[in-house]
Amino acid sequence: MDPELIRELGGLTSEARNPDTLDIDLLPTLEVLRKINRADREVPQAVGRVLPQIGAAVDAIVEAFKAGGRLVYMGAGTSGRLGILDAVECPPTYGVGEDMVVGLIAGGEAAFLRAQEGAEDDPELGRRDLQDINLNARDLVVGIAASGRTPYVIGGLRYARELGCTVVALSCNTTAAIADEADIAILPDVGPEVLTGSTRMKSGTAQKLVLNMLTTASMIRLGKSFFNLMVDVKATNAKLVGRTRRIVMEATGVSFEEADRVLSQCGHNAKLAIMMILSGLDREAAERALNEADGFLRLALQRVENGKQGKASQ
């Protein structure tokens with residue numbers, strides 16, 4: 001074992017011992033759970049302290065999307081799995097392409113189900129994984145590492161910088177090495193874990209909260225919501241078909257039957273159905289109005305209404 005690595009780990013908050021849980025091995029179940037719950041409460045507060053950095057990352061992601069780029073997550077172990085979880089939820093939730101948000105994990109797909117711990121120690125693997133997806137300068141790369149020192153992530157971020165990509169680092173250590181490779185560093189300090197070094201706990205929860213924010217806020221900024229309704233959701237199963245109908249009913253006040261009728265006319269596209277119902281336009285005109293408003297439903301409806309008022313005043 002490298003003595004330098006031991007010293008490096010010893011200086012990380014995520015590897016420190018939590019003084020509140022030194023007796024956790026002696027406690028009854030309910031007391032163990034109370035300590036875990038008390039520690040978990042620190043996480044949203046830590047995330048709240050780095051909202052400016054999260055906001056800067058969201059703005060950069062939106063710009064990357066508008067330029068035709070992708071959001072690429074890369075990490076090892078729990079961090080990599082969290083990135084993949086966030087990426088795979090985007091197509092059904094927001095109706096985007098499968099490659100708009102990409103998740104990479106050290107060790108490949110097999111590492112999602114079974115730990116491939118040695119893979120994270122290879123910086124060249126991070127570079128190769130980004131080469132394999134044809135990373136280009138329009139893309140934005142988010143390196144995720146609770147410790148902030150994962151060689152796989154560092155290697156990937158360095159390659160991304162060479163290409164001219166915007167690079168974001170997400171770690172739960174304020175001294176994270178990956179922050180030195182990034183344009184934007186998001187470093188929520190959640191403190192020591194309940195079990196020393198078990199970063200799938202508080203650190204993992206913080207990372208999940210941040211990733212939720214990155215994609216949710218970015219998609220909202222791209223017009224993927226109407227009020228707080230997910231109007232670009234894909235109706236790919238029975239639950240989502242039902243949700244799509246409910247979204248149309250909530251947005252327009254029409255009956256179940258009317259929502260179903262209009263949805264059947266427009267391929268179960270909730271945004272288009274709402275546009276047709278609220279504007280009174282046929283499908284072709286509604287699609288044109290949405291395209292002219294870059295997919296922002298409120299803006300498209302506003303323009304149609306302004307047009308009607310202009311004609312009425314003539």
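**Cores, helices and a pocket in a predicted model**

Asn 134 is placed in the loop between H7 and E3, where helices (H or I, at least four residues) and strands (E, at least two) are DSSP runs numbered from the N terminus. The phi of Asn 134 is near 55°, a positive value in a residue other than glycine. With a relative accessibility of 59%, Asn 134 counts as exposed, the classes being buried at under 20% relative accessible area, exposed at over 50% and partly exposed in between (1.4 Å probe, protein chains only). The structure is a predicted model, in which local features need pLDDT of at least 70 and side-chain atom pairs count only at pLDDT 80 or more, whereas totals for chains, interfaces and linings use all residues. Residues are numbered from 1 along each chain as its sequence is written, and side-chain values use heavy atoms, with hydrogens and water left out.

A positive phi near 55° is also found for Asp 294, again a residue other than glycine. Asp 294 belongs to the loop between H13 and helix H14 (297-313), and its relative accessible area of 62% makes it exposed. As background, most residues other than glycine have a negative phi.

The protein chain comprises 14 helices and 5 strands, and its C-alpha atoms fill a box of roughly 80 × 50 × 35 Å, taken along the principal axes. Of the 314 residues in the chain, 47% are buried. Where contacts (heavy atoms within 4.5 Å) join residues at least 6 apart in sequence, 65% of them link residues at least 24 apart. In the loop between helix H1 (3-10) and helix H2 (29-40) lies Glu 15, which is partly exposed, with a relative accessible area of 29%. The C-alpha atoms of Glu 15 and Leu 195 are separated by 9.3 Å, although the two residues are 180 residues apart along the chain.

In soluble globular proteins, nonpolar side chains tend to be buried together. A nonpolar core is taken here as a set of buried Ala, Val, Leu, Ile, Met, Phe, Trp, Tyr and Cys residues joined through side-chain atoms within 4.5 Å. The largest such core has 36 residues, and those with the most contacts inside it are Tyr 73, Val 142, Ile 186, Leu 214 and Met 219. At least two residues of this core are supplied by each of helix H3 (42-48), helix H4 (51-66), strand E1 (71-75), helix H5 (77-94), strand E3 (140-144), strand E4 (166-170), strand E5 (184-186) and helix H9 (202-221), with the largest share, 8 residues, coming from H4. Leu 214 touches Ile 54, Ala 57, Val 58, Ile 61, Tyr 73, Val 142 and Ile 186, when residues up to four places away in sequence are not counted. A second, separate core of 27 residues includes Val 248, Ala 259, Leu 263 and Ile 274.

Within H4, the buried residues include Ile 54, Ala 57, Val 58, Ala 60, Ile 61, Val 62, Ala 64 and Phe 65. An α-helix has 3.6 residues a turn, so residues three or four places apart point the same way. The expected span of a helix is 1.5 Å times one less than its number of residues; for the 16 residues of H4 this should be 22 Å, which agrees with end C-alpha atoms 22 Å apart. Just after H4, Gly 68 takes a positive phi of about 85°.

Two further helices each hold a buried residue considered here. Thr 244, in helix H10 (residues 238-252), counts as buried at 0% relative accessibility; leaving aside residues up to four places away in sequence, Thr 244 touches Val 233, Ala 235, Leu 263, His 268 and Ala 270. Ala 286, in helix H13 (residues 283-292), likewise counts as buried at 0% relative accessibility. Beyond residues up to four places away in sequence, Ala 286 touches Leu 272, Met 275, Met 276 and Leu 281.

The second largest pocket is lined by 16 residues, of which Ile 84, Val 102, Gly 103, Leu 104 and Glu 109 lie nearest its centre. A pocket is, on a 1 Å grid over the protein atoms alone, an open set of points where a 1.4 Å probe fits, with protein on both sides within 12 Å along at least five of seven lines, and lining residues have an atom within 4 Å of a point. H5, strand E2 (101-105) and helix H7 (123-132) each give two or more residues to this lining, and the largest share, 5 residues, comes from E2.
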